[in-house]
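Trainee: I would like to go through the labels on this structure one by one. For each, I want the value and the cut-off behind it.

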Amino acid sequence: MTEQIYMKLNDKVKRPTLSKEKINRENKHFKRVVDQYERWCKDGGGYETRETYEDDIIKCLFEYDHDGYKLAEFLKEEVYIEPDSELVNILDEVITAVHSLTNEIIGQWTKENFLEIPSDIIGKKVNAKQNLKKYENYYINSIYPETYQVTISEKFDKKGGWVINFENVTFVE
């Protein structure tokens, strides 16, 4: 029998990030991009295994710029293909796959760690720091429980605003 480990309230929450080891090759957005890329490549000969197509798209997932043209140029240098506008349109969808894969990993992390955001925090005044930006005296106006995030804005009754990871929020009052 294994011992159950519980998080303490003071523990720093470590949000997972997308990595090559965590790619779910069955993700529907990832599969769609790979399928389109595979069809495009088969017109010019193509590879022998689907895994090779997946590996090319995985390389694209971790490029800094997810613009379809930039990714086509990247693949031109990386795997020696001759891109065209159809490939650029296909690779424009890589950003959707990145978001889907990331949200999948974060959703799993949220469930595994029993992370919940109380619903009564809407309207509360908070400070937040995310990346290099600081937000002081903002109000929480919506909650995203599946990704453990909240939206904050300067005005109490405003809809929309900045999406902030909940672990980066501190309450003012």
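Predicted model: local features only at pLDDT ≥ 70, side-chain atom pairs only at ≥ 80, totals over all residues.

Trainee: What makes strand β3 count as largely enclosed?

Mentor: Count its buried residues. Buried means under 20% relative accessible area. Five of the five residues of β3, residues 149-153, are buried, so the strand is largely enclosed by the rest of the structure.

Trainee: Which way do the β3 side chains point?

Mentor: Q149, T151 and S153 point one way, and V150 and I152 point the other way. All are buried. In a regular strand, side chains alternate between the two faces of the sheet.

Trainee: How do you know that β3 pairs with β2?

Mentor: Two strands pair if there are at least two bridges between them. Five bridges join β2, residues 133-144, to β3, so the pair qualifies. These two strands run antiparallel.

Trainee: Why is Y148 called buried?

Mentor: Its relative accessible area is 8%, and the limit is under 20%, so Y148 is buried. Y148 sits in the loop between β2 and β3. That hairpin has four residues between the strands. Y148 is not a glycine, yet its phi is positive, about 55°.

Trainee: Where else is there a positive phi without a glycine?

Mentor: At N137, with about 60°. N137 lies in strand β2.

Trainee: Is N137 buried or exposed, or in between?

Mentor: In between. N137 has 39% relative accessibility. Buried needs under 20% and exposed needs over 50%, so N137 counts as partly exposed.

Trainee: Why does Q130 count as buried?

Mentor: Its relative accessibility is 16%, and the limit is under 20%, so Q130 is buried. Q130 belongs to strand β1, residues 125-130.

Trainee: How do you know that Q130 makes a polar contact with N165?

Mentor: A polar atom of the Q130 side chain lies 2.7 Å from the backbone nitrogen of N165. Leaving aside neighbours within four places in sequence, Q130 is in contact with V163, I164, N165 and N168.

Trainee: Which residues have the most contacts inside the largest nonpolar core?

Mentor: F30, Y37, L61, L75, L91 and V94, in a core of 28 residues. The elements giving two or more residues to this core are α1 (28-42), α2 (50-61), α3 (68-79), α4 (85-91) and α5 (94-112). α1 gives the most, with six residues. Beyond four places in sequence, F30 touches residues including I57, I58, L61, A97 and L101. A second, separate core of 17 residues includes I106, V126, A128 and I143. In soluble globular proteins, nonpolar side chains tend to be buried together.

Trainee: What lines the second largest pocket?

Mentor: Its lining is R15, P16, T17, L18, V98, H99, T102, I106, N131, Q149 and N165. α5 gives the most to this lining, with four residues. The pocket volume is about 220 Å³.

Notes
Residues numbered from 1 in each chain as written. Heavy atoms only, no water. Buried < 20%, exposed > 50% of the residue type's maximum accessible area, 1.4 Å probe, protein only. Core = buried A, V, L, I, M, F, W, Y, C linked by side-chain atoms within 4.5 Å. Contact = heavy atoms within 4.5 Å. Polar contact = N/O pair within 3.5 Å; in protein donor to acceptor, adjacent residues only side chain to side chain. 1 Å grid on protein atoms, 1.4 Å probe; cavity = no way out; pocket = protein on both sides within 12 Å on 5 of 7 lines; lining within 4 Å. Points joined across faces, edges and corners; volume = space filled by probe spheres on them.
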